[in-house]
Amino acid sequence: MTGFLIVDKPEGITSFAAVAKVRRICGEKKAGHCGTLDPMATGVLPIMLGGATRFLDFLPDGRKRYIAEMRLGVTTDTLDITGNVTSEKSVSVTPEEVFANAENFKGDIMQVPPMFSAIKKDGIRMYDLARRGVEVERDPRPATIYELIVSHKGNNDYIVEVECSKGTYVRTLIDDIGQALGTGAVMLSLRRTKSSGFEIKNAVTFEELEKAVENGTLDQLVHSVDEVMDAYPTAFVSAGQAQRFSNGGSLNLDRIKDCKVDGLYRVYSPEGSFLGLGTADTQLGALKMTRLYIRR
């Protein structure tokens, strides 16, 4: 089976473990996930099955949405509630001050990745170094906060809704907000509601997945590769061109009706079969094969 399966990851397991469970349930040997979720986080985890793994780098929608819970007055070494407490302070700021402060984090920002992250330093995962008590310097990375809504839940607790660019750390955002307020802050929970263009309404639980396998309706839950790539325009080619494209050859743009501007295209045979992604280069006058669609 080839395509994308959208799982609602439960709390308490890693993204890697979620993929392993999908493999067992579906009987699919080749699978991988798009965008890591920490064990404490829940929500949208797109999983690529079979040949879909070849298209990870071409997912068109990099925006993600999250709902998190923030508590002021506490910090931990992991920046979330699962870590060891590193400071506790009394909180005197008002909700209005919190809301106003959050406005400063909208738009393009720089973030220092947390030590407890999957980023590698000299080939070693940061979280492995952190567990050994080793802290290393991390370079700030750009992130974009497209939308940030903070609401008061009660006492020192707040709900944070954020739409952000790929690679944004919500717990770092919450920690930065706490530092700016002078109180410190920690993330209590995190739920991803959108990733790679898929929303939580598209996601299925492991129980629903198992039931679909039992009922023989698994294919109804799998999103095809060309469906996921639908942000790219289409280009239909002749039978001869389809053969050449499938062999890795470039095609003459003058002979392709739909390719008028540079960029990625979904390429289809005359019968409507998805062949893969091609890159149009109007200067060279060619449609170059970028990624072939292989079912297995």
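Predicted model: local features only at pLDDT ≥ 70, side-chain atom pairs only at ≥ 80, totals over all residues.
**View 1. Salt bridge between arginine 191 and aspartate 8.** The closest N and O atoms of the two residues are 2.8 Å apart. The pair links distant parts of the chain, with arginine 191 in strand S12 (residues 185-195) and aspartate 8 in strand S1 (residues 3-9), 183 residues apart. Aspartate 8 is buried, at a relative accessible area of 18%, whereas arginine 191 is partly exposed, at 29%.

**View 2. Salt bridge between glutamate 69 and lysine 153.** The two side chains meet at an N to O distance of 2.8 Å. Glutamate 69 belongs to strand S4 (residues 64-72) and lysine 153 to strand S10 (residues 141-154), so the contact ties together parts that lie 84 residues apart in sequence. Glutamate 69 has a relative accessible area of 13% and is buried; lysine 153 is exposed, with a value of 52%.

**View 3. Salt bridge between glutamate 103 and lysine 106.** Here the closest N and O atoms are 3.0 Å apart. Glutamate 103 is partly exposed, with a relative accessible area of 45%. Lysine 106 also counts as partly exposed, at 36% relative accessibility.

**View 4. Network of Arg63, Arg65, Glu147 and Glu163.** A search of the whole structure finds eight salt bridges.

Technical notes:
Residues numbered from 1 in each chain as written. Heavy atoms only, no water. Salt bridge = Lys/Arg side-chain N within 4 Å of Asp/Glu carboxyl O. Helix = DSSP H or I, 4+ residues; strand = E, 2+ residues; numbered from the N terminus. Buried < 20%, exposed > 50% of the residue type's maximum accessible area, 1.4 Å probe, protein only.
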